[in-house]
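Please find below a colleague's note for someone who is meeting this structure for the first time.

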Amino acid sequence: MTTVEVLPDLAELARQLRIDLVRATARAGAGHPTSGASAADVMAVLSSRFRYDVTDPAHPGNDRFILSKGHASTLLYAWLKAMGAIDDDELLTYGQPGSRLEGHPRPVLPWVDVATGSLGQGVAAGVGLALALARLEASPARVFVLCGDSELAEGSVWEAFEHAAHYRLDNLVVIVDANRLGQRGPTMVDGDTAVYARRAEAFGWRAVEVDGHDLAALDQAFGEALSPDGRPVAILARTEKGHGLGSVAGANGYHGRPLADPDAALTLLGNSPNARIVPPPPGAVTRVTRRIGAPTLPRYEPGSVVPTRLAYGQTLVALGDARDDIVVLDAETNNSTYAELFAVAHPDRYFEMFIAEQQMLAAAVGFAARGFTPFASTFAAFTTRAFEFARMAAIGRTAVRLCGSHAGLSVGESGPSGMGLEDIACFRAVAGSTVLQPCDANQTAALVAAAADIAGFTYLRTTRGGTPVIYAPGEVFPIGGSKVLAAGPADAVTLVGSGVTVHAALAARDILARTGVAARVVDCYSIKPIDAATLTRAASETRLVVTVEDHYREGGLGSAVADVLATAGSATPLRILAVPEVPTSGPAAALTAWAGLDAAGIAAAVVASLAAAEQTVS
């Protein structure tokens, strides 16, 4: 075995990486060996400068690495093997059920910070990591991101470039593996790194063009990159896809498939040198124990009228007062979401992401990877722009919290482009997500505080206008629970509301009572997970269930309740009241009445549904 110290035999290490990625993909019968082979020389040279303690992946002085071109995962796994993180037996489990070595890397491996595989996200997540290390941890660690030239067509990459320059992140180095070929042919600029250099420099970065297979030139490029001057650095490496693997090198049509003749490639590469790398030690940094105390939540007087978005902002301040791990991000809406209150109280832990929702959520992922508890906020209508980033956060089991304010018809005159009417459907669909919608300020405070300790992706929905405070300060709202606000043995109908519609349902109950119809009202503040037991019991004890939601019918509260009742085999009829079509502009109250979501509309729908049910029975 060749022991490779701080200055390894880079050529032998690069050869070892290619050998191992060919072996792993051949064993699995799947993978992207040509995509990994193009960057093997880059990774070998990076190894000599990558400060890392493989036995302590969480060390705050460790450099961080993100493989944005996640399909080249076998290159990463071969690198981890060379560093001693995994052994050869595990390397050869790549792509098999139960293996930690998946087709695209995830933090199931402790040496992986963020999940990748959806191209265009790695640089954006790197911005969050770099901010966390430099601004909050006072760490000398650098963040290295390896991305492909194909993914530079994604707009999220350039959002990241802009933000990295704005925040002067000279601890961020992006290496572009410009191997010229994408999945179906040449990339947009056909491997011309000068184009990327001009773009990077226009965004305020330093750009270094280099032959990605010239080890000495690569070493010099890394040396230049690691001499900080207040600017992030892009190393633009001209490479050949499949380099070193024989006839597939530089040839189109071999993306995403193992080599047809891996033995020929292995013969060409020669005997395995079993090269190993002992990375330089991490930079010196003091480990800090973050204060995690119980917050003193704001209290609101029952009967007062308070916007839930204001309670959100005030609760963030309370959390930040009690906990050093709380980080808040916003997309240039903080004077509306009230995240500005946190920005004033804790400016060192507030990060403005401007109108770049993808970058905002990606940065939140980066902060979460460093153990912080990030809250991100913008208007509900704009949260869905970042849906793919929420999906990847969930795949990476990363705990981030997204708040969508000004949800539903509450924006009124702004019109449908500003109304979040699809958000619940989107975020309910995210694996393992939690979706919460408070109806008053005290409930909001409790749910925001609870969200700080929820694992996985959480979405919280708030509204523009004020709503009456109906809960007492200090009332408990378990995640997955609900509140039965009114109930009796003679109830004919169950009204299920969430958020603003809870108040309309309560008012509708009063109207119905005057006509002799008793109604039960359930506040379904936790839409996912949902309180199936309470809903099933209510359906069994009443003749009709009516859901009321300030959202389109598809995928929202009504769909969630329908799932519950269908699973339980309930025969109780369900009627879903929702926004029926794209609204127009107008006062919120008028739009709510148009949609049949005000008290009168709800009561009329109940009376009509009960009459129809009785006619069917008779």
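1. A pocket, as the word is used here, is an open set of grid points with protein on both sides within 12 Å along at least five of seven lines, and its lining residues are those with an atom within 4 Å of a point. The model is a predicted one, and what follows should be read with that in mind.

2. Sorted by class, the lining of the second largest pocket consists of eight nonpolar, eight polar and three charged residues.

3. The largest pocket has a volume of about 430 Å³, and among the 22 residues that line it, Glu137, Val288, Arg290, Arg370 and Phe372 are the closest to its centre. Its lining has a composition of eleven nonpolar, one polar and ten charged residues.

4. The largest share, three residues, comes from α16, and the lining of the largest cavity as a whole divides into eight nonpolar, four polar and no charged residues.

5. The second largest cavity contains about 70 Å³ of space, and the residues lining it include Phe50, Tyr52, Asp63, Arg64, Trp79 and Trp111. Here β1 (64-67) and α4 (73-82) are the elements that give two or more residues, with α4 providing the largest share, three residues. In the lining of the second largest cavity there are eight nonpolar, no polar and three charged residues.

6. Which strands stand at the edges of the open sheet? The sheet has seven strands in the order β8-β7-β9-β10-β12-β11-β17, with mixed pairing, and β8 (350-352) and β17 (526-528) are at its edges, each with a single partner strand, so that one side of each has no neighbour in the sheet. From one strand to the next, the twist averages 20°. Strand β7 (residues 326-330) runs parallel to β8 and is joined to it by three bridges, and valine 328 has tyrosine 350 in β8 as its bridge partner.

7. Strand β3 (residues 172-178) deserves a separate look, because seven of its seven residues are buried and the strand is therefore largely enclosed by the rest of the structure. Leu172, Val174, Val176 and Ala178 point one way from β3, whereas Val173, Ile175 and Asp177 point the other way. Strand β2 (residues 143-148) is parallel to β3 and joined to it by six bridges, with valine 145 having valine 174 of β3 as its bridge partner.

8. Finally, is aspartate 41 buried or exposed? Aspartate 41, which lies in helix α3 (residues 40-47), is buried, with a relative accessible area of 7%. Leaving aside residues up to four places away in sequence, aspartate 41 touches Ala14, Arg18, Gly212, His213, Leu215, Leu218 and His243. Leucine 10 is 31 residues from aspartate 41 in sequence, with 7.7 Å between their C-alpha atoms.

Technical notes:
Residues are numbered from 1 along each chain as its sequence is written. This is a predicted model: local features need pLDDT of at least 70, side-chain atom pairs count only at pLDDT 80 or more; totals for chains, interfaces and linings use all residues. Side-chain values use heavy atoms; hydrogens and water are left out. On a 1 Å grid over the protein atoms alone, a cavity is a set of points where a 1.4 Å probe fits but cannot get out, and a pocket is an open set with protein on both sides within 12 Å along at least five of seven lines; lining residues have an atom within 4 Å of a point. Grid points are joined across faces, edges and corners, and a volume is the space filled by probe spheres set on the points. Ala, Val, Leu, Ile, Met, Phe, Trp, Tyr, Cys and Pro count as nonpolar, Asp, Glu, Lys and Arg as charged, and the others, Gly among them, as polar. Two strands pair if DSSP finds at least two bridges between them. Helices (H or I, at least four residues) and strands (E, at least two) are DSSP runs, numbered from the N terminus. Axes are lines fitted to C-alpha atoms, for helices over the stretch in contact, and angles run from 0 to 180 degrees between N-to-C directions. Buried means under 20% relative accessible area, exposed over 50%, partly exposed in between (1.4 Å probe, protein chains only). Contact means heavy atoms within 4.5 Å.
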